[in-house]
Amino acid sequence: VHVFVRDWLSSNNILLKDAHGCVLVDSGYSKHNAMTLALLASPRGLDGAPLARLVNTHCHSDHMGGNAAIRKAYGCPVAIPEGEAKQLENWNDPALLLGYADQHVEPFVIDEIIRPGTTQQWAGREWRAIAAPGHDMGALVFFNEETRILISGDALWQNGYGYVVPQAFDPDAFPAARATLEMIAGLNARVVIPGHGEPFTDVEAALERAFSRTAALEADPVKNARLGIKVLLTFHLLECERMALRSVPDYLARIGVYRDLNAHYLRLEPGALAERVIGELTTAGVLRIDGEDLLPAP
Ligand SMILES: [Zn+2]
């Protein structure tokens, strides 16, 4: 198993290598396609070997953005979770966070569907696909019993997990996220390879942090709505690299996910919302201001 640990715009790329066929889990964000293809072709990657299959843990732009490019480069089938296939029938589905969140993915052909509960033979090992709803209601995680390696996607990171929408957006999301953490706790995984950040072995501590984060955010939907705006705006800045400060209020009013989070929970004028969010993100050292522009902090 080789893990290409990427930044926060692209998910990690996990390459399961085997002489009888290699499998890649998650393909990054489309802006980084050239880098993803270069990593895949490198000696630590496929190094000239064919790719038997590309799999997604879930269908958010930072995990499936390279699907079309990799399928084209390697001619391999693309396999996605069953729960995501339904949403991908409508590429405008808000749950996919594409246009609704001003994120972009080159459409790709879906060759195979992975059903939760099935066992997949990938790179000479058995990987059980387990439903892991919460951050994404159609997400899967993949577990190998023999090595007790868990490929967790955005269901569990070393520090937290992928953003879970507040109750007005989906009342099932937080209960599902908690049930997913309980399911993961029951696996007794030795190593977790997350969708973002380094692989880790202190799974119990990560689960503890994730459970307390769930309780705190579920109890404070207004804080969670503001967190969603901050997470998505930071992601957007990683993509566009800089935006004019004066354009932020309009942007937050124009793009659906910000508009709806604000309308349901914060109810601030766009100018006041922008000021609050930018203030918190710059104080936290996530973003910085350069003259008249807003940028990701180095
Ligand atoms: Zn992700």
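This is a predicted model: local features need pLDDT of at least 70, side-chain atom pairs count only at pLDDT 80 or more; totals for chains, interfaces and linings use all residues.
**View 1. Aromatic pair W91 and F108.**
A search of the whole structure finds five aromatic pairs, and one of them is formed by W91 and F108. The centres of these two rings are 5.6 Å apart, and their planes meet at 80 degrees; the pair is therefore edge-to-face, a class that requires an angle over 60 degrees. Both W91 and F108 lie in the loop between α4 (82-88) and β6 (112-114). They are 17 residues apart, and the pair links distant parts of the chain. W91 counts as partly exposed, at 24% relative accessibility, whereas F108 is buried, with a relative accessible area of 10%. F108 is called buried because its value is under 20%.

**View 2. Aromatic pair W122 and F142.**
Here the ring centres of W122 and F142 are 4.9 Å apart. Their planes stand at 75 degrees, so this pair is edge-to-face. W122 belongs to strand β7 (residues 119-122), while F142 belongs to strand β9 (residues 140-144). W122 counts as buried at 1% relative accessibility, and F142 counts as buried at 0%.

**View 3. R213 and the ring of Y161.**
This view concerns a charged group and an aromatic ring. The charged end of R213 sits over the ring of Y161. The distance from this charged end to the centre of the Y161 ring is 5.6 Å.

Definitions and conventions
Residues are numbered from 1 along each chain as its sequence is written. Side-chain values use heavy atoms; hydrogens and water are left out. Rings of Phe, Tyr and Trp (its six-membered ring) pair if their centres lie within 6.5 Å; planes under 30 degrees apart count as stacked, over 60 as edge-to-face and the rest as tilted. Helices (H or I, at least four residues) and strands (E, at least two) are DSSP runs, numbered from the N terminus. Buried means under 20% relative accessible area, exposed over 50%, partly exposed in between (1.4 Å probe, protein chains only). A charge sits over a ring if NZ of Lys or CZ of Arg is within 6 Å of the ring centre and within 35 degrees of the ring normal.
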